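Please read the following account with the sequence and the structure open beside it. It takes one chain, then the contact between chains, then the other chain.

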Amino acid sequence: MLRYIIKRLLAGVLTMVVLITVAFFMMHAMPGGPFSPSEEKNVPVEVLERIAASYGLDQPVWKQYLNYWNNLLHGDLGISYKTVGTVNEKISGHFPYSARVGGLAVLFSLLIGIPLGLIAALYRGKAADLATLALATVGISVPVFVLSLLLSYLFSSKLNWLPTYGLDSWLCYILLVVCLSLNPIAYIARQTRSSMLEALEQDYVRTARAKGVSELMVVVKHALKNALTPVITYLGPLIAGLLTGSFVVESRFAIPGLGYYFVRSISDRDYTMIMGIVIFFGLFVVICNLVSDILLAIVDPRVKLTND
Amino acid sequence: MNLLEVKNLNTSFHIGVGTVQAVRGISFHVEQGESLGIVGESGSGKSVSMLSVMGLLPNYADIVADSIRFDGRELTKLSGKALRAMHGSEIGMIFQDPMTSLNPLFTVESQLTEPLRIHRHMDKRQARQRALELLRQVDIPNPEARLKQYPHELSGGLRQRVMIAIAIACGPKMIIADEPTTALDVTIQAQILELLQHLKQETQTSIIMITHDLGVIASMCSRILVMYGGTICEQGNARDIFYDPRHPYTWGLLNSIPKVQDAPAGKLIPIKGTPPDMLKPPAGCPFSPRCRYCMPVCRAYMPPTTELSDVHRVACHLMHPHAPKITREV
C-alpha cells in the first residue's frame, strides 16, 4: 500500500513536470504578452519595455523557463503582473471561496445523487424512476450558464427570494450549490441507478436473501456497496473539478473564487498567475485521483494496489 | 412425516412479449431426512419451482399454489418477515455458481456469520467461534486464515464449501442445493457430493438436489422427480427411475449418460429436438414434439398421472391400457 502511494506520488511529480513545461511554453506561444504595446495603448513603448525587463521578460524563453523552475522549487510562484500581491497570496486568498462553495456542492451532489439513483433503481419503471430520469436528462444537457441565468432570474429578480450575488449569508449559497451540483447529481444518479440494477440481479444478492437478510440490508449492505464503486471512481475528478471553482458560476454570482481569477489571468496574460493556478489545479487533480483510487481499493478488495 | 408438501404449484413470468409458464401445476413432497433429486434439462422448471417455494424469485414472477406446507406451516400465507425468519435458519440454500454467489466485497467471516447473527442473535465472538466450527465441518483447512479472506482469494471448490457452511450454519431442517456441482471440476464435484452426503448423514437434514446430472442424483438421492416443460413427467425411488423407467423422456435421459463399458464403440443417444417454448407450451404432453412414440392423443391432451406403486408415478399416455405396449430400447 505504502509503496503504491509513493509510486503514484512519483508519477504525479512527473505529471506535474510535463504539465508545467507544456503550460509554460504554450502560454509564451500565445501572441501578445502582459506588457505588449498592442494591449497597453496608453503607455509609451519604452516604459512597457522597461517594465517587461524588470520582470525578466526580455530574456529568451528557455532562460525564463529555468528561472521559473528555480523560483518554483523555492516555493515561490512569483508576483502577479496585473493584480496587487504575490501569486501565493492570491491562491491562498481566493481558493477558500471556491473550496467552500465546491465542497458544499460535492456533499450536495452525493447526498442527493445517490439516494435518487437508489430510489430510481428500486422503483424501476415507476413514477420515481421516470422523474429521476427526467431530472438526470435536464441536469446533463442544460449548460451551467443557462441554468445559473435562469435560476437567478427566477429566484432573485422575479421572486426576490435569494440574493443575486455575493456570499454574505447562507442564502447566497443556495443558488451557487444548486447550479454547481445539478450536473454531478444527474451523473451520480444515473450511475447509481444502472449499477444498482445490475447489482440487484447478482447471485450474491439472491444468496443474501436466501440467508434471510432483511430487504433493507440486502439493498444497503449487499447491493449498494457494490453499486457505489463506479461512483467512487468518479469522486476524484468531481472533487477536483468542483473545489477548484467554476468560472461561469463564480463570475455570474460575483464570487471572488479561483475559477474566476484563472480565466481573468488568461485574458490579462498574467503569466505568473496562469502558471500558479495551473500548478495548483494540476496538483489538486493528481491528489484527488490518488485518494479516490485508494478509497476504491479499501472498498473493493479485488482492486489490487500493485506496482504495475 | 412430510417436511415439505407442495400442491399444484404454478409459476409464470410476465415479460414484454407474453407470459412464460415456467412451472405448470406440479405437486410433490419431501420427507423428513430424505434426499430428493429433481432432474431435468435447462428450462424444465426445476430451479424455478424451488425458488418459488423459497419465495426468492423477482417480483415480476407470479407464483400460485394451492398449498406449500413446510414443517406444519403454510408458506403461502406467511408474511415476508416470517418467511425471512425461515430463510437461512430452517431452509438453507446452495447455488450453482460459487464464483458469483458470494459477495465480493465482504470477507468469508462476514458472510458466514451473517445468518448466525440474524437468526441466532449471536454476538461477534460467538458467531466467529461457530464460523470456525462450520469451516472445519466442511473440511476447509486453516479456517482461521480463511475467515479473513475475500471470495476472490478462494478456489471454486473452497467457495462452494463456504456456501455449504453458510447453508448449514443455523442447522436447517432442509437444504436446497441448486446444481451445487455443475460449475466445478469433476474431482471437486466428487468431493462436494461426498461432503453433502456426509453432512446429511450427520445431521439428518432433508436435501433437495436439483441437477441435470443423473450421476449426481444416483449417488445422492433416494427419490427422484423427473421434470420436463414445467411438469413432473415421472417420479419414483431411485431404483424405479434407473431400473424401471416408464416415461420416454426418462429413457432419453438415461440413454444420454455415457457408460464406461461401452467406450469407445458405444454411442450416446441424444434426445432429438429442442425443449418446448414455454411462452406457448404445447397443449398436450410437453414432450410430445420430441417423443418417438408420440400418438395423436399426446398432442391434444395432457397425460394423466398413472400410479404404478406408492411412489412410482408416470404422466404418459402410453400407460393407458389401450395404448401400444412399448418397452425401453437400451
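Chain A of this predicted model has 13 helices and zero strands. Along the principal axes, the C-alpha atoms of chain A fill a box of roughly 85 × 55 × 30 Å. Of the 308 residues in chain A, 33% are buried. Among the contacts in chain A with a separation of 6 or more, 72% are between residues 24 or more positions apart.

Two helix pairs of chain A can be followed in detail. Two packed helices are described by the angle between their axes and the distance between the axes. Take helix α6 (residues 144–158) of chain A and helix α7 (residues 170–200) of chain A. Their axes come within 10 Å and cross at roughly 145 degrees. The crossing of α6(A) and α7(A) is right-handed. On the side of α6(A), the residues that take part are V144(A), L147(A), S148(A), L151(A), S152(A) and F155(A). They meet L175(A), V178(A), C179(A), L182(A) and N183(A) of α7(A). By type, the residues of this contact of α6(A) with α7(A) are eight nonpolar, three polar and no charged. An α-helix has 3.6 residues a turn, so residues three or four places apart point the same way.

The second pair is helix α12 (residues 258–268) of chain A with helix α13 (residues 271–299) of chain A. These two pack at an angle of about 140 degrees, and their axes are 8 Å apart. At that angle, α12(A) and α13(A) are therefore oblique to each other. The crossing in which α12(A) passes α13(A) is left-handed. From α12(A), the contact is made by L258(A), Y261(A), F262(A), S265(A) and I266(A). From α13(A), M273(A), I274(A) and I277(A) take part. The residues of the contact of α12(A) with α13(A) divide into seven nonpolar, one polar and no charged.

How many residues does each chain bring to the contact between chain A and chain B? Chain B gives 23 residues and chain A gives 18 residues. On the side of chain B that touches chain A, the elements giving two or more residues are α2 (80–86), α3 (98–101) and α4 (108–119) of chain B. The most comes from α4(B), with four residues. The residues on this side of chain B are twelve nonpolar, eight polar and three charged.

Within chain B, helix α7 (residues 156–168) has 13 residues. From its first C-alpha to its last it reaches 18 Å, close to the 18 Å expected at 1.5 Å a residue. Is α7(B) mostly covered or mostly exposed? It is mostly covered, with eleven of its 13 residues buried. The buried residues of α7(B) are L158(B), R159(B), Q160(B), R161(B), V162(B), M163(B), I164(B), A165(B), I166(B), A167(B) and I168(B). They pack against several elements of chain B, namely β7 (91–94), α3, α4, α5 (124–137), β8 (174–178) and α8 (186–203).

One residue of α8 in chain B is L195(B). L195(B) has 18 other C-beta atoms within 10 Å and is therefore partly exposed, because a residue counts as buried at 20 or more and as exposed at 12 or fewer. Apart from its neighbours within four places in sequence, L195(B) is in contact with V138(B), D139(B), R161(B) and I164(B). Two of these, R161(B) and I164(B), are among the buried residues of α7(B). I326(B) is 131 residues from L195(B) along the chain, and the C-alpha atoms of the two are separated by 40 Å.

Two loop residues of chain B remain. Most residues other than glycine have a negative phi, and most peptide bonds are trans. D71(B) is not a glycine, yet it has a positive phi of about 50 degrees. D71(B) lies in the loop between β5 (67–70) and β6 (73–74) of chain B. It counts as partly exposed because it has 16 C-beta neighbours inside 10 Å. Q204(B), also not a glycine, has a positive phi of about 60 degrees. Q204(B) is placed in the loop between α8 and β9 (206–211) of chain B. With 11 C-beta neighbours inside 10 Å, Q204(B) counts as exposed.

Key:
Residues are numbered from 1 along each chain as its sequence is written. Chains are lettered from A and ligands numbered from 1 in the order in which they are written. This is a predicted model: local features need pLDDT of at least 70, side-chain atom pairs count only at pLDDT 80 or more; totals for chains, interfaces and linings use all residues. Two residues are in contact if their C-beta atoms, placed from the backbone, lie within 7 Å. Ala, Val, Leu, Ile, Met, Phe, Trp, Tyr, Cys and Pro count as nonpolar, Asp, Glu, Lys and Arg as charged, and the others, Gly among them, as polar. Axes are lines fitted to C-alpha atoms, for helices over the stretch in contact, and angles run from 0 to 180 degrees between N-to-C directions. Angles under 35 degrees count as roughly parallel, over 145 as roughly antiparallel, 65 to 115 as roughly perpendicular and the rest as oblique. A crossing is left-handed if the near helix is turned anticlockwise from the far one by less than a right angle, and right-handed if clockwise. The expected span of a helix is 1.5 Å times one less than its number of residues.
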